Each structure stands twice: as C-alpha cells, then as structure tokens.
Amino acid sequence: MNSLRLSRNARLGMVKTLSAVFPDYFGALGARQFVRPRQRPQPRHWHQAFDGFERLTESLGEQQIPLWTRGQGPVVLLVHGWETDHYAMGGFVQPLLDAGYQVAALDLPAHGLASGREGPLPLLAQAISRIGQRLGPLHAVIAHSVGGASSALALQAYSLEASRLVLIGAPHAVRYQAQARMQGLSQRAIKRMEQHMQQVLGAPLEEFEVPRALAGLKQTAVMLVHAKDDPVVPITAAQANAASCSAKTLWLENGGHNRPLGDQMVIRAIMSFLKTSQRRNRYPAGLRYHAGHLHERQESLTSLSEQG
C-alpha cells in the first residue's frame with residue numbers, strides 16, 4: 001500500500017514538474033483527455049430493458065447517433081451520463097411504458113454504439129437536440145450527470161423543446177480543474193488547458209454553466225435530483241443549479257452518483273413530476289428523504305458503480 005502511494009506521488013510530482021516546464025504540451029493533452037471519454041466495459045444492470053425497442057440512426061454531420069424508441073403517447077427522452085450508454089437509464093423504461101409514455105434513448109457521441117472519439121459539451125447538446133427534433137416536441141427529458149448539463153444546454157441554445165426537464169446528479173459547470181489537479185498538472189498547464197478547452201468548445205467556459213442555461217428556460221418545468229454523498233458531483237453543484245430557477249428539488253441523504261438511477265423512490269417522484277401541471281412555481285420547496293423511508297430502496301442496487 002505504501003509503495004503504491006509513493007509510486008503515485010512520484011508520478012504526480014514528475015507530471016507537475018514537467019507540466020510547469022512544458023505547459024502548452026500538457027495543457028493541450030489535458031484538454032484532449034477531458035473531452036475524450038474512456039472506452040471501457042459497462043455494467044449492465046438493466047440489460048433487457050430495451051428489448052423490443054426499435055433502433056434508428058440519426059446523422060449529425062459526420063456523427064452517427066443511435067436511437068432506441070418504443071411505445072405510444074407523450075415522448076420522454078432518456079439521456080445517459082459520461083462514459084456510460086443508454087443502458088444506464090434502463091431503470092426508467094418499464095415505469096414510463098406502463099404509464100403510457102413513448103420512451104426514447106440515445107447513445108451520445110463517442111459513447112456506446114455512437115460514432116466518434118470526442119464528446120465536447122456543445123456536440124453532446126446538438127446530438128440531444130437533433131434527436132428531440134426528430135421525435136417532435138418532447139414531453140420530458142430525464143438526464144444524468146454530464147447528460148443533464150448537455151440537455152440543459154440543448155434546451156437553452158440548440159432549439160430543443162421539452163415541457164419538463166429532470167436532472168439527476170448534474171454538474172453546474174465544466175469541471176476541469178479538479179480533474180487536472182488529480183492528474184498532477186501545474187497551475188501553468190491548467191491555465192493553458194483552459195485556453196485549449198475554450199478553443200475546442202468555441203466559447204468561454206462560462207457560457208456552458210448549467211445555472212445560466214436553466215435561468216433561460218421559461219417554458220420548461222425543472223426537477224433536480226441529487227445525493228448529498230455524491231463523490232463525483234458535489235451537492236453544492238445541485239444547489240447552485242437550484243438557485244438559478246424555480247425547480248422542484250429532491251436531495252437524497254445518500255445514493256452516490258449512480259444509484260439514484262435505480263432508486264424506486266426517485267423513480268416514483270419523477271413519474272409524479274411528469275404528470276403535474278407545467279406552472280413553473282408549483283414547487284417552490286424542496287422534497288427530502290426521511291431516514292425512516294430509506295429501507296424502501298432496492299438492496300440489489302448497492303453494487304452500482306460510482307462513475308459516469
């Protein structure tokens with residue numbers, strides 16, 4: 001254990017020293033890694049959820065975006081998070097179908113069966129918007145993590161239309177600094193990384209902040225779901241998002257980053273939100289779990305990973 005820690009510290013120290021000497025190189029490398037999801041096997045907790053769905057393909061420039069759809073009725077689009085795929089949203093499928101919704105899901109660019117190797121936020125948002133436009137005005141978007149940030153941007157800047165938006169574990173901004181420090185980059189390299197990222201994204205990073213996007217949504221009711229012990233996106237990010245709009249909030253005492261996707265209490269709360277009036281100020285107060293209700297959660301979901 002100590003030898004592994006010493007080895008890691010030595011590597012980080014070397015990266016910090018070299019990145020201080022060569023900030024341009026390491027800044028560009030960091031920016032490229034930030035928009036390039038790792039390709040790795042994904043746990044399939046709902047591997048049969050999309051059986052019987054029709055698979056379609058939508059083009060966005062050179063990108064090929066796979067789309068799965070099933071059912072009749074108001075359309076609900078499921079959007080997965082970073083380094084996962086549409087199967088991550090499988091816990092919502094049967095409840096939505098049983099409630100009479102048409103369910104649609106996609107693999108974002110550079111994820112799952114979609115084409116490409118890089119997934120900058122504007123491209124993800126454009127892909128979501130293109131799918132939404134193909135399906136017609138959406139009743140709702142239910143989105144997780146970076147997929148939530150991308151969905152908010154799609155609604156605000158890329159002509160996506162939806163009556164309701166549910167964000168689960170969504171960040172409030174492009175979170176590159178913490179990742180860069182974990183990689184051992186020096187401050188000079190981090191500054192160059194920010195400059196490179198702005199070039200890749202085509203705009204200042206502030207334009208991609210989720211509160212800014214949510215504040216611009218006048219015709220979409222918003223619900224925010226977040227666990228206080230989320231190790232990937234801190235609860236303060238959700239609170240910043242909530243402060244920007246009149247949203248219904250569901251703060252969980254625990255659940256991490258991914259377990260809310262299969263939490264039956266969360267799913268029931270979201271289903272209830274989908275059925276309610278569109279009036280924006282209907283839910284001025286937050287909804288919180290009580291400790292006595294936590295036993296209702298599915299024990300089988302405790303193995304869900306904390307990444308994505």
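The following paragraphs lead through the structure from its overall make-up to individual residues.

The model is predicted: local features require a pLDDT of at least 70 and side-chain atom pairs a pLDDT of 80 or more, while totals for chains, interfaces and linings use all residues. Residues are numbered from 1 along each chain as its sequence is written, and side-chain values rest on heavy atoms, with hydrogens and water left out.

The protein contains 10 helices and 9 strands; helices (H or I, at least four residues) and strands (E, at least two) are DSSP runs numbered from the N terminus. Of its 308 residues, 53% count as buried, where buried means under 20% relative accessible area, exposed over 50%, and partly exposed in between, with a 1.4 Å probe and protein chains only. The accessible surface comes to about 14,300 Å², and 50% of that surface belongs to carbon and sulfur atoms; such areas come from the Shrake-Rupley method with a 1.4 Å probe, and for residues only the protein chains shown count as cover. Among contacts between residues at least 6 apart in sequence, 78% join residues at least 24 apart, a contact being heavy atoms within 4.5 Å.

Strands β1 (residues 54–60) and β2 (residues 63–70) run antiparallel and are joined by 7 bridges; two strands pair if DSSP finds at least two bridges between them. Glu-54 has Thr-69 of β2 as its bridge partner. The two strands β1 and β2 form a hairpin with 2 residues between them, and Gly-61 in the turn has a positive phi of about 65°.

Most residues other than glycine have a negative phi. Ala-110, which is not a glycine, has a positive phi of about 70°; this residue is found in the loop between β4 (102–106) and α4 and counts as buried at 2% relative accessibility. Ser-159 likewise has a positive phi, near 70°, and is found in the loop between α5 (146–157) and β6 (162–168). With a relative accessible area of 55%, Ser-159 is exposed.

Pro-23, Phe-26, Gly-27, Gly-30, Ala-31 and Phe-34 are buried in α2. They lie on the same side of α2 because they cover an arc of only 135° around the axis, the arc being that of the directions from the helix axis to the C-beta atoms.

Phe-34 leads on to Ala-180: the C-alpha atoms of these residues, 146 residues apart along the chain, are separated by 8.9 Å. Ala-180 is found in helix α6 (residues 177–182) and is buried, with a relative accessible area of 0%. Not counting residues up to four places away in sequence, Ala-180 touches Leu-185, Ile-190 and Met-193.

The largest nonpolar core has 59 residues, and those with the most contacts inside it are Leu-77, Val-141 and Leu-214. A nonpolar core is a set of buried Ala, Val, Leu, Ile, Met, Phe, Trp, Tyr and Cys residues joined through side-chain atoms within 4.5 Å. Helix α4 (residues 121–135) supplies the largest share of this core, 8 residues. A second, separate core of 33 residues includes Ile-142, Leu-250, Leu-252 and Ile-270.
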